[in-house]
Amino acid sequence: MRLRSAAVGIVAALTLSACGGALPDNLRGDDSHSSTHGASASVAPAKVKPEPPDVALRAGESFQELSMAAKYTPKAPYGTGTDDYRCFLVDPKFAQDMIVSGVKVMPDNPAAVHHVILYKVDAANVAAAHAKDEADPGDGWTCFGGTGINAGPGAQLNNAEWVGAWAPGGGERVMSEDIGIPLAKGTQLVMQMHYNLLAGGGADQSKARLRLTPASAGQKTPLETMLLPAPVELPCRKGTPGELCARTPAVADIRKRFGEQVATADLLHLLCGEIKPGPTQSCTRPINETSTIRAVSGHMHLLGKSITVDVNKGTPQAKRVLDLPVWNFDDQGAIPLKKPVTVKKGDKITVTCTHDQAMRDVLPAYEGTKERYVAWGEGTTDEMCLGIVLMTRG
């Protein structure tokens, strides 16, 4: 398992709200210091936040719809587990260089679709993507972690190949008019589908709609995505019996279910520091060049309680750019900053997550399951801690 897959694919249930500056009113978020989300799915079943209405096309923009080639019926690829990550290659057939200024993912079977991520595949890597597809029976290929294309150790933590994503509470994510994601002529896209088999089965043929502007039409500043993964090391509650309440067998079980050669749960400690079991975990990384933070999102699963992202935490210059004191799994849209935050090379950025085993007692998803030591895992009933920072460089 390569660190790039462990970090780029550290993604479940994310929405990229690539925004900032002057936003349409229906996409304008609260200031990140005071952002709170309502009733959390971690406490009681929460209503999924209604998707915002579509924003009209702006000058020079056009829509292009992409779809999986055929219906796909999800299944556990390794014979056990309750999750299926499947990648599908789609070709937008760009005749010229384009800029993406908005993304809307349209799940065909929302009961089973846990999240969708769109990755760009540069022309030089299209052949490798086709090879992945052809090597796996049926349409698409199994892709826990990242897509498995153009992987490199940690290569994309600071600039992920994401174009857009959907999770509960999503909708079209429209970018400010001065920014966009460049897609060169010949670029193709991978739709990574995470199917939650606990939520139901059935076939799926999801779609995505891109809001596009020709690159030749004018200058837009490229928007990039920095990923901030942190470990999850949540012990069982005191006195809970069972073999999987020990870390070693619990992590071995995750490896088996997701075909990991080396557990992501272990690799993250190479990035973030030694294993210290407890409900709250964090990870701090340096900023590698001057950048402007435009929007921030967080991601955990059902045991999540709270998540924050801080710049220069613990210093007089500290700035909190994401503060979700009550995590709501059903509302994961990124929050645009009212005032973008500039960070310099050498500044540090920290993600901190808190999880709680007691959420098992109130959530239907855990009914009939045994308590276990919780570490980083791709499944819906496993856990993650991830900050997503959308920024422009320079």
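Visitor: Is Val374 buried or exposed?
Guide: This is a predicted model in which local features need pLDDT of at least 70, side-chain atom pairs count only at pLDDT 80 or more, and totals for chains, interfaces and linings use all residues. Residues are numbered from 1 along each chain as its sequence is written, and side-chain values use heavy atoms, with hydrogens and water left out. Buried means under 20% relative accessible area, exposed over 50%, partly exposed in between (1.4 Å probe, protein chains only). Val374 has 3% relative accessibility, so Val374 counts as buried.

Visitor: Which strand holds Val374?
Guide: Strands are DSSP runs (E, at least two residues), numbered from the N terminus. The run at residues 374-375 includes Val374 and is strand E19.

Visitor: Which residues does Val374 touch, not counting residues up to four places away in sequence?
Guide: Contact means heavy atoms within 4.5 Å. On that basis Val374 touches Val232, Glu233, Leu234, Leu303, Gln357, Arg360 and Glu383.

Visitor: How many residues of strand E18 are buried?
Guide: E18 (residues 348-355) pairs antiparallel with E13 (residues 280-286) over seven bridges. E15 (residues 304-311) also pairs with E18 in the antiparallel sense, over seven bridges. Strand E18 is mostly covered, and of its eight residues the buried ones number seven.

Key:
Helix = DSSP H or I, 4+ residues; strand = E, 2+ residues; numbered from the N terminus. Pairing = 2+ DSSP bridges.
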